[in-house]
Amino acid sequence: MIIGNREFDVANNCYIMGILNVTPDSFSDGGKFNSLDKALFHAEEMINEGADIIDIGGESTRPGHQVITSEEEIARVVPVIEGVKSRFDIPVSIDTYKGDVTLAALQAGADLVNDIWGFKHDYKVAELTAEYGAACCLMHNRNEAVYDDFQKDFLKDMEECVAIARKAGVADDKIILDPGVGFGKTYEMNLEIINHLEILNTFGFPVLLGTSRKSVIGNTLDLPADQRVEGTLATTVFGVIKGSAFVRVHDIKENLRTIKMTKAILSK
């Protein structure tokens with residue numbers, strides 16, 4: 001799989017997408033990197049620790065988040081995308097579900113569109129992804145955690161996301177799937193989808209697991225967001241065992257070591 005100018009061996013490796021939130025209110029690191037200098041410094045830190053992609057988000061998507069205008073989101077992310085692309089040789093992802101933000105981000109040099117609604121919120125996002133030849137990550141999501149049969153309905157939802165991407169002209173070799181841990185699911189469902197992550201492999205696309213510091217870990221361990229590293233690492237082990245090609249995380253160094261160790265064990 002090619003993202004930006006880099007080829008990813010998604011069949012054999014698990015790569016790290018580093019989270020760069022340029023927001024004042026993200027659940028874990030809100031306000032820490034919402035100036036250009038701080039954002040670029042943190043991007044460099046993550047690259048030095050082993051990040052393979054930098055995922056830039058300008059609007060918090062945590063439960064109960066404050067929705068902002070596209071203009072404000074664009075003003076937050078575009079300078080950071082341009083800054084990272086001009087300073088570092090690394091693929092950049094834009095974390096958005098809005099067409100106008102997607103356009104501005106792709107024009108600024110983004111290589112991947114990471115859509116928490118899997119192209120279901122705004123079809124323009126799918127069209128622009130195809131037009132620019134960008135890669136995409138389609139995340140599972142629902143407004144409410146109401147299912148007749150969770151795993152069966154989950155797979156049907158993911159089929160719909162893939163169909164939207166294909167209809168818009170996105171090539172199969174540009175698609176990544178994300179199970180959407182923490183979105184449109186109960187606590188039990190979040191644990192279940194991590195444990196049965198391999199069901200996504202039936203689609204034949206690379207899978208990205210994004211669990212870093214999320215509430216499913218906080219609720220399990222009864223810990224605040226800044227103390228959920230070990231819980232995140234446990235989910236990363238599961239991701240690697242189940243065949244994930246990417247993990248989206250805050251703590252690069254620790255997750256990289258965990259991936260290497262898990263891969264070493266699995267190779268024997």
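Helix 2 and helix 3 are roughly parallel to each other, a label given to angles under 35 degrees, whereas over 145 counts as roughly antiparallel, 65 to 115 as roughly perpendicular and the rest as oblique. Helix 2 covers residues 70-87 and helix 3 covers residues 99-108; they pack at an angle of about 20 degrees, and their axes are 9 Å apart. Helices here are DSSP runs of H or I with at least four residues, strands are runs of E with at least two, and both are numbered from the N terminus. An axis is a line fitted to C-alpha atoms, for helices over the stretch in contact, and angles run from 0 to 180 degrees between N-to-C directions.

This is a predicted model, in which local features need pLDDT of at least 70 and side-chain atom pairs count only at pLDDT 80 or more, while totals for chains, interfaces and linings use all residues. Residues are numbered from 1 along each chain as its sequence is written, and side-chain values use heavy atoms, with hydrogens and water left out.

Helix 2 contributes Ser70, Glu73, Ile74, Val77, Val78, Ile81, Glu82 and Lys85 to the contact, and helix 3 contributes Asp100, Val101, Ala104, Ala105 and Ala108. Contact means heavy atoms within 4.5 Å. Eight of the residues in this contact are nonpolar, one is polar and four are charged. Ala, Val, Leu, Ile, Met, Phe, Trp, Tyr, Cys and Pro count as nonpolar, Asp, Glu, Lys and Arg as charged, and the others, Gly among them, as polar.

Helix 4 (residues 123-131) and helix 5 (residues 150-168) cross at roughly 50 degrees, and their axes come within 8 Å. Helix 4 and helix 5 are therefore oblique to each other. Their contact is made by Tyr123, Ala126, Glu127 and Ala130 of helix 4 with Ile164, Lys167 and Ala168 of helix 5. It has five nonpolar, no polar and two charged residues.

Lys174 counts as buried because its relative accessibility is 19%; buried means under 20% relative accessible area, exposed over 50%, and partly exposed in between, with a 1.4 Å probe and protein chains only. Not counting residues up to four places away in sequence, Lys174 touches Met1, Ile2, Gly133, Ala134, Ala135 and Cys136.

Aromatic rings are the next topic. The whole structure holds five aromatic pairs. Rings of Phe, Tyr and Trp (its six-membered ring) pair if their centres lie within 6.5 Å; planes under 30 degrees apart count as stacked, over 60 as edge-to-face and the rest as tilted. Tyr15 and Phe246 have ring centres 5.9 Å apart and planes at 40 degrees, so this pair is tilted. It links distant parts of the chain, 231 residues apart: Tyr15 lies in strand 3 (residues 15-21) and Phe246 in strand 10 (residues 246-249). Tyr15 counts as buried at 8% relative accessibility, and Phe246 counts as buried at 0%. Tyr147 and Phe150 form an edge-to-face pair, 5.0 Å centre to centre with 85 degrees between the planes.
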